[in-house]
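Thanks for coming. I will go through one structure today, starting with the terms and then working from the overall fold to single residues.

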Amino acid sequence: MKIYWNKENNSKNLIGQRVKELRTERQLSQKALAEQLQLAGYEFSDLTVLRIEQGTRFVPDYEVVALAEYFQVSCEYLLGVKNEK
């Protein structure tokens, strides 16, 4: 397993910026997003969302999938591989 860590901006994940963009587009707070993900059966807190967006938290693959499903985008979009949602 390769663990991502961008030393230039000290980010531990690739998806933080896109998650923040998608969340703000939908006018959701970090707490509201966490609550919606909890209702879908995932273990997220507002602190989890904050740390993902700040890049201070590694994001396992199942959380990438959960966020992609919630926002109805592809995992490739979240990861920055594709620019179309």
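First, a definition: buried means under 20% relative accessible area, exposed means over 50%, and partly exposed is in between, with a 1.4 Å probe and protein chains only. By that scale Gln72 is exposed, with a relative accessible area of 71%. I will come back to that residue.

Now the ground rules. This is a predicted model, in which local features need pLDDT of at least 70 and side-chain atom pairs count only at pLDDT 80 or more, while totals for chains, interfaces and linings use all residues. Residues are numbered from 1 along each chain as its sequence is written, and side-chain values use heavy atoms, with hydrogens and water left out.

Let me start with the fold. The protein has five helices and zero strands; here helices (H or I, at least four residues) and strands (E, at least two) are DSSP runs, numbered from the N terminus. The order of elements from the N terminus is α-α-α-α-α. The radius of gyration is 12 Å, close to the 12 Å that the globule rule gives for 85 residues, so the protein is as compact as a globular protein of that length. That radius is taken over C-alpha atoms, and the rule is 2.2 Å times the number of residues to the power 0.38. Along the principal axes, the C-alpha atoms fill a box of roughly 35 × 25 × 25 Å. Of the 85 residues, 34% count as buried. As for contacts (heavy atoms within 4.5 Å), take those between residues at least 6 apart in sequence: 52% of them join residues at least 24 apart.

Next, the core. A nonpolar core here is a set of buried Ala, Val, Leu, Ile, Met, Phe, Trp, Tyr and Cys residues joined through side-chain atoms within 4.5 Å. Which members of the largest one touch the most other members? They are Ile15, Val19, Phe44, Leu67 and Leu78, out of 19 residues. Helix 1 (16–25), helix 2 (30–39), helix 3 (46–54), helix 4 (61–71) and helix 5 (75–79) each supply at least two residues of this core. Helix 4 gives the most, with five residues. If we leave aside neighbours within four places in sequence, Leu67 is in contact with Ile15, Val19, Leu37, Phe44, Ile52 and Leu78.

On to individual helices. In helix 1, the buried residues are Gly16, Arg18, Val19, Leu22 and Arg23. Seen down the axis of helix 1, they fall within an arc of 165°, so they line one face of the helix; the arc is that of the directions from the helix axis to the C-beta atoms. These buried residues pack against helix 2, helix 3, helix 4 and helix 5. Arg18 has a further feature: its charged end sits over the ring of Tyr77, 4.2 Å from the ring centre. The criterion is NZ of Lys or CZ of Arg within 6 Å of the ring centre and within 35 degrees of the ring normal.

Helix 3 buries Thr48, Val49, Ile52 and Glu53. They cover an arc of only 130° around the axis, which puts them on the same side of helix 3. Their packing partners are helix 1, helix 2 and helix 4.

There is one aromatic pair in the structure. Tyr70 and Phe71 form it, edge-to-face, at 5.1 Å centre to centre and 75° between the planes. Rings of Phe, Tyr and Trp (its six-membered ring) pair if their centres lie within 6.5 Å; planes under 30 degrees apart count as stacked, over 60 as edge-to-face and the rest as tilted. Are the two residues buried or exposed? Tyr70 is partly exposed, at 27% relative accessible area, whereas Phe71 is buried, at 1%.

Last, the loops. Gln27 lies between helix 1 and helix 2, has a positive phi near 55° although it is a residue other than glycine, and is exposed at 75%. Gln72, as promised, lies in the loop between helix 4 and helix 5, and its phi is also positive, near 55°. Helix 3 is followed by Gly55, with a positive phi near 80°. Thr56, in the loop between helix 3 and helix 4, is partly exposed at 42%. Thr56 and Asn10 are 46 residues apart in sequence and 7.8 Å apart in space, C-alpha to C-alpha. Neighbours within four places aside, Thr56 is in contact with Lys12 and Arg51.
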